[in-house]
Amino acid sequence: MPTAPPTSVTVRTRFRGPARSGNGGYTAGLLAACLGEVPDRAPVTVTLRRPPPLDVEMSVRAESAGDVAGGVGLWYGDLLVATASPGAFSREPVAPVSLASAWAARSAYRGLVDHPFPECFACGPAREPADGLCLAPGLVGPGRAACGWVPDPSLATPDDPTVAAPEFGWSALDCPGGWTSDLDSRPLVLGRMTARCLALPKIGHPHIVVGELIAEEGRKTFTATSLYDDGRLVGRAEHTWIAVDPTAFNP
């Protein structure tokens, strides 16, 4: 019997992006799971309206108006934090690189030297593998970044210790997109993410994440990412990023 979608969401401090708010990809993945009527593994678009607060329960409500009619909203009291609705991709998946190239790209990861949000769950250099994803996406060509990733056992689904929960697939598909641009000199936060997980990442198994810069328009940056496992496409995403002053997000 299908499980009813969640009616509330809490983003724990472990899953922060900036120090005082939730990681965008992780939060988006949690909210995407609340769209029970969307066909399994179909693309979902999540728009972040404000920084997701940490360690508080947020309610999930059906939305019936505007561009998210038929979707859900994530609310903290009277504040709309994010919305989720059925989505669609605008381009083909980002092509993979070899696993050796993905791991080697760490030496080009600019976040190791200058990171606007060093505690980020997905790509923060201040995190340990059992606490964060520790992604290190370095450039492998103009506008292309890549990194390796081995999901830690702490990310496993409650009912299957061999695979990571879907929200961690969304997390891995997040930051490697931002690092295709000059994120260290022009800090960005996730504004919108359309993603699809075709399979759950395998715990303890090497994966490849690749990102591609699509365009930059004013404060907005557009990117795409793909997640691979042994040449198999595991998940993909497209993003809209917003340039920000990082001091507004960090203590």
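In the predicted model, Arg-14, Arg-127 and Asp-131 are linked in a network of salt bridges. The structure holds 10 salt bridges. One of the pairs is formed by Glu-119 and Arg-16, whose side chains meet at 2.9 Å, N to O. Glu-119 is partly exposed, with a relative accessible area of 33%, whereas Arg-16, at 14% relative accessibility, counts as buried.

A salt bridge is also found between Arg-110 and Asp-182, with the closest N and O atoms 3.9 Å apart. Arg-110 is in the loop between H2 and E6, while Asp-182 is in the loop between helix H4 (175-178) and E10; the pair therefore ties together parts that are 72 residues apart in sequence. Arg-110 counts as partly exposed at 22% relative accessibility, and Asp-182 counts as partly exposed at 48%.

The side chains of Glu-212 and Arg-144 likewise meet in a salt bridge, at 3.9 Å from N to O. Because Glu-212 belongs to strand E11 (residues 207-217) and Arg-144 to strand E7 (residues 144-149), the pair ties together parts that are 68 residues apart in sequence. Glu-212 has a relative accessibility of 23% and counts as partly exposed.

The strands that carry Glu-212 and Arg-144 are also joined through bridges. E7 and E11 run antiparallel and are joined by six bridges. In this pairing, Trp-149 stands opposite His-207 of E11. Within E12, Phe-222 is the bridge partner of Ala-215. E11 and E12 form a hairpin with two residues between the strands, where Gly-218 takes a positive phi near 60°.

Strand E2 (residues 44-48) was examined next. Five of its five residues are buried, so E2 is largely enclosed by the rest of the structure. In a regular strand the side chains alternate between the two faces of the sheet. In E2, Val-44, Val-46 and Leu-48 point one way, and Thr-45 and Thr-47 point the other way. The residues on both sides of E2 are buried.

E2 has pairing partners in E5 and E10. With strand E5 (residues 79-86), E2 runs antiparallel and is joined by five bridges; here Leu-48 stands opposite Ala-82. With strand E10 (residues 188-197), the pairing is antiparallel over four bridges, and Val-44 stands opposite Ala-195.

E10 also takes part in the lining of the second largest pocket, to which it gives the most, with four residues. This pocket contains about 380 Å³ of space. Its lining comprises 27 residues, of which Pro-18, Gly-24, Leu-188, Val-189 and Leu-190 lie nearest the centre. E10 and strand E13 (232-243) each supply at least two residues of the lining.

Gly-24, one of the residues nearest the centre of the second largest pocket, is also part of helix H1 (residues 24-32) and is buried. H1 is mostly covered, with nine of its nine residues buried. Besides Gly-24, the buried residues of H1 are Gly-25, Tyr-26, Thr-27, Ala-28, Gly-29, Leu-30, Leu-31 and Ala-32. The N-terminal end of H1 is capped by Asn-23, which places a side-chain oxygen 3.1 Å from the backbone nitrogen of Gly-25.

A buried charged residue without a salt bridge is found at Glu-63. This residue is located in the loop between strand E3 (57-62) and strand E4 (72-76). The nearest side chain of opposite charge is that of Arg-61, 6.6 Å away. A salt bridge requires a nitrogen of Lys or Arg within 4 Å of a carboxyl oxygen. The side chain of Glu-63 does make a polar contact with the side chain of Trp-75, at 3.0 Å.

Technical notes. Residues are numbered from 1 along each chain as its sequence is written. This is a predicted model: local features need pLDDT of at least 70, side-chain atom pairs count only at pLDDT 80 or more; totals for chains, interfaces and linings use all residues. Side-chain values use heavy atoms; hydrogens and water are left out. Buried means under 20% relative accessible area, exposed over 50%, partly exposed in between (1.4 Å probe, protein chains only). Two strands pair if DSSP finds at least two bridges between them. A polar contact is a pair of N or O atoms within 3.5 Å; within protein, one must be able to donate a hydrogen and the other to accept it, and residues adjacent in sequence count only if both atoms are side-chain atoms. Lys and Arg count as positive and Asp and Glu as negative; His and the chain ends are not counted. On a 1 Å grid over the protein atoms alone, a cavity is a set of points where a 1.4 Å probe fits but cannot get out, and a pocket is an open set with protein on both sides within 12 Å along at least five of seven lines; lining residues have an atom within 4 Å of a point. Grid points are joined across faces, edges and corners, and a volume is the space filled by probe spheres set on the points.
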